[in-house]
There are 2 protein chains.
Amino acid sequence: MSGYKYTIGVDFGGTYVKLALLRFAEGSYRIEGYSLFLTQNYNRDELIEQLVIRIIKLKAESIYKGHKIKGVGIGVPGRVDFRQGIVCDLTNVSGWRNVNLRVQLETKIKVPVFIDNDANLMALAESRFGVAKGVDNCVCVTLGTGIGGGLILNGKIYRGTNFAAGEIGHITLNENGPVCACGSKGCAECYVGNHYILEQAIQKMRKGAQTSLKTMIDKRYSNLTLEMISKAARQKDAFSMILWHEVGRHIGVLIAGIVNILNPEVVVLGGGVAKAGKLILDPIRMTVKQRAFKVSRTNLIIVVSKFKEKAGIIGAATLALESNRKL
Amino acid sequence: MSGYKYTIGVDFGGTYVKLALLRFAEGSYRIEGYSLFLTQNYNRDELIEQLVIRIIKLKAESIYKGHKIKGVGIGVPGRVDFRQGIVCDLTNVSGWRNVNLRVQLETKIKVPVFIDNDANLMALAESRFGVAKGVDNCVCVTLGTGIGGGLILNGKIYRGTNFAAGEIGHITLNENGPVCACGSKGCAECYVGNHYILEQAIQKMRKGAQTSLKTMIDKRYSNLTLEMISKAARQKDAFSMILWHEVGRHIGVLIAGIVNILNPEVVVLGGGVAKAGKLILDPIRMTVKQRAFKVSRTNLIIVVSKFKEKAGIIGAATLALESNRKL
């Protein structure tokens with residue numbers, strides 16, 4: 001007996017589907033096999049077929065090496081009925097409404113399958129092997145086009161009654177703020193979502209704001225990216241620095257509220273916006289210090305995620321490691 | 001063997017300390033003995049002595065009847081280190097900073113003692129025997145001078161890392177709103193706390209607003225109460241109706257955010273403001289419908305607490321029933 005356990009983790013993203021074979025020992029993991037394909041290359045049924053083929057291949061490889069796969073974990077960008085293994089709906093991938101992915105896979109791959117929301121699995125990965133390792137209560141905030149969240153409470157993923165918990169981006173920051181895509185007003189996502197940040201920058205430039213960004217982009221500002229704003233801010237472009245400061249302040253208000261409700265030990269920031277690093281971490285930490293209860297913020301750690309692109313497969317594989325169900 | 005279990009519940013409030021002997025059967029409870037005293041009549045040491053005397057008396061009564069007490073549960077208005085039984089600090093009762101109440105009581109009463117925050121115990125009472133009976137995920141919001149919260153997540157009280165979770169009143173409703181006593185800005189408590197509601201009403205009356213309230217109160221508006229505003233609103237006083245509507249809308253924004261994060265089955269409203277009943281329930285429900293995610297709000301129940309004044313002792317006794325620790 002090696003003492004190792006093996007699972008397969010699948011990160012089903014809007015752009016790529018990544019698969020990996022993971023080997024777990026006490027408190028550590030190793031990626032032993034890897035494969036990926038473009039999500040958009042396949043329709044739903046073809047994509048499921050691809051998953052089956054690739055999972056069976058990874059499974060065969062591991063059996064050849066003498067290891068049995070305990071299970072397959074899958075993270076998807078949307079709501080999942082974790083108990084039944086049903087994908088309820090996906091953001092940015094069409095054709096996935098109420099699909100019983102678990103049944104479709106298990107009948108073919110003959111290994112238990114566990115499916116969950118990707119933000120939940122990012123939180124799981126970070127709380128087991130990453131920046132929140134060993135922590136009981138941890139909140140992961142994914143800062144991208146949408147703002148999502150994964151909650152680890154009392155050491156376990158908290159999913160809520162309808163598996164819809166963690167919609168952190170739709171906490172109100174201003175009751176009468178701009179209308180949000182969700183139908184509410186003044187949601188955090190309206191202030192710190194990717195599109196909003198870029199739009200804000202463009203509007204201000206159109207109004208004549210002075211910034212070194214103007215030398216990097218075309219006249220219609222159509223090729224502006226968050227990376228450019230980060231780069232300019234690091235080169236002390238005041239406009240870009242203030243922009244990130246404002247974004248960080250909004251995120252800080254959001255996190256202060258979450259900290260007051262959930263009193264976590266660690267808040268992990270992931271997603272594209274988190275790549276701004278110190279540019280947003282500083283104002284976030286300052287704002288949380290100003291606004292959250294002292295007892296909840298004193299030992300609070302706010303930090304950027306460790307795994308980034310790999311969080312999905314590690315979290316998914318960990319879910320399979322920790323879940324138990326017989327076929 | 002009767003099959004019954006007995007515990008003592010203590011509700012240590014800012015005004016009264018209430019004690020009761022409770023008998024539990026499967027899914028039900030009965031209050032079998034009761035006693036109360038005024039909190040302000042005693043200093044800290046005298047109050048602990050009163051607790052000891054009265055607990056021993058209730059214990060003796062039950063032993064006389066042939067029942068053994070499983071434990072004593074105590075709810076206090078402040079933060080408690082539940083694991084160690086230490087009262088960290090209390091709102092509105094002085095002299096209670098880092099008091100190891102458990103040790104002080106257990107050495108004298110010889111029964112295991114369990115101490116928790118009162119909002120947590122209200123949530124426990126409602127989730128076991130009240131309006132959220134049998135529910136896994138439930139949020140209790142206490143609407144008084146302060147706005148507090150108790151969370152039942154996955155069937156258990158969620159306390160957070162420093163036993164400071166549930167500070168629902170200090171979620172921001174407006175980033176640049178009025179300065180809150182907690183040091184932050186635009187907290188929910190600034191819009192729906194008792195004092196704020198009365199102040200709002202008085203300010204508007206001073207500015208000449210027409211309302212039947214003016215016939216009920218003195219010229220300096222000093223005897224205005226929430227009950228008066230409720231009464232006037234029920235008699236169709238437009239001013240009072242609008243006032244409750246506004247309060248309900250703010251609470252609705254707050255609850256919509258909590259619902260988006262925690263996706264509970266039931267939200268229970270308690271405290272003085274909740275006595276306005278339908279006057280605030282209607283705008284709260286309407287606002288949550290407008291602002292929370294459809295999947296999370298569709299089967300959500302928002303309801304006024306069942307137990308009101310008794311929630312404290314029932315919750316405390318239930319805590320002792322469900323907790324296990326040997327002396």
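Mentor: In this predicted model, chain B is superposed on chain A by a rotation of 180° with 0.0 Å of shift along its axis, and the RMSD is 0.0 Å. That is the relation of a two-fold axis. In chain B, the C-alpha nearest this axis belongs to Asn174(B), and it lies 2.1 Å from the axis. The interface fits this picture: 100% of the interface residues of chain B are also interface residues in chain A, so the copies meet through the same surface.

Is Asp116(A) buried or exposed? Its relative accessibility is 1%, and because the cut-off for buried is under 20%, Asp116(A) counts as buried.

What do the polar contacts of its side chain reach? One, of 3.0 Å, joins the side chain of Asp116(A) to that of Asn120(A). Another, of 2.7 Å, joins the side chains of Asp116(A) and Arg159(A).

Strand β9 of chain A, residues 147–153, pairs with β10(A) in the antiparallel sense, over two bridges. As background, strands of a sheet pair through backbone hydrogen bonds, either parallel or antiparallel. The sheet in chain A is open and has five strands in the order β10-β9-β8-β11-β12, with mixed pairing. At its edges stand β10 (156–157) and β12 (301–304) of chain A, each with a single partner strand, so one side of each has no neighbour in the sheet.

Charged pairs are the next thing to look at. Over all chains, a search of the whole structure finds 20 salt bridges. One of them joins the side chains of Asp89(A) and Arg97(A), with 3.8 Å from N to O. Asp89(A) is partly exposed, with a relative accessible area of 26%, while Arg97(A) is exposed, with 62%. In chain A there is also a network of salt bridges that links Arg23(A), Arg30(A) and Glu32(A).

In chain B, Arg30(B) forms a salt bridge with Glu32(B), and their closest N and O atoms are 2.8 Å apart. Arg30(B) counts as partly exposed, at 44% relative accessibility. A further salt bridge in chain B joins the side chains of Asp282(B) and Lys278(B), at 2.9 Å from N to O. How are Asp282(B) and Lys278(B) placed in helix α8? They are four residues apart in this helix, which covers residues 278–291 of chain B, so about one helical turn separates them. Lys278(B) counts as exposed, at 60% relative accessibility, and Asp282(B) counts as partly exposed, at 35%.

Note on methods: Residues are numbered from 1 along each chain as its sequence is written. Chains are lettered from A and ligands numbered from 1 in the order in which they are written. This is a predicted model: local features need pLDDT of at least 70, side-chain atom pairs count only at pLDDT 80 or more; totals for chains, interfaces and linings use all residues. Side-chain values use heavy atoms; hydrogens and water are left out. Two strands pair if DSSP finds at least two bridges between them. A salt bridge is a side-chain nitrogen of Lys or Arg within 4 Å of a carboxyl oxygen of Asp or Glu. Buried means under 20% relative accessible area, exposed over 50%, partly exposed in between (1.4 Å probe, protein chains only). Copies are superposed by least squares on the C-alpha atoms of residues with pLDDT of at least 70 in both. Contact means heavy atoms within 4.5 Å. A polar contact is a pair of N or O atoms within 3.5 Å; within protein, one must be able to donate a hydrogen and the other to accept it, and residues adjacent in sequence count only if both atoms are side-chain atoms.
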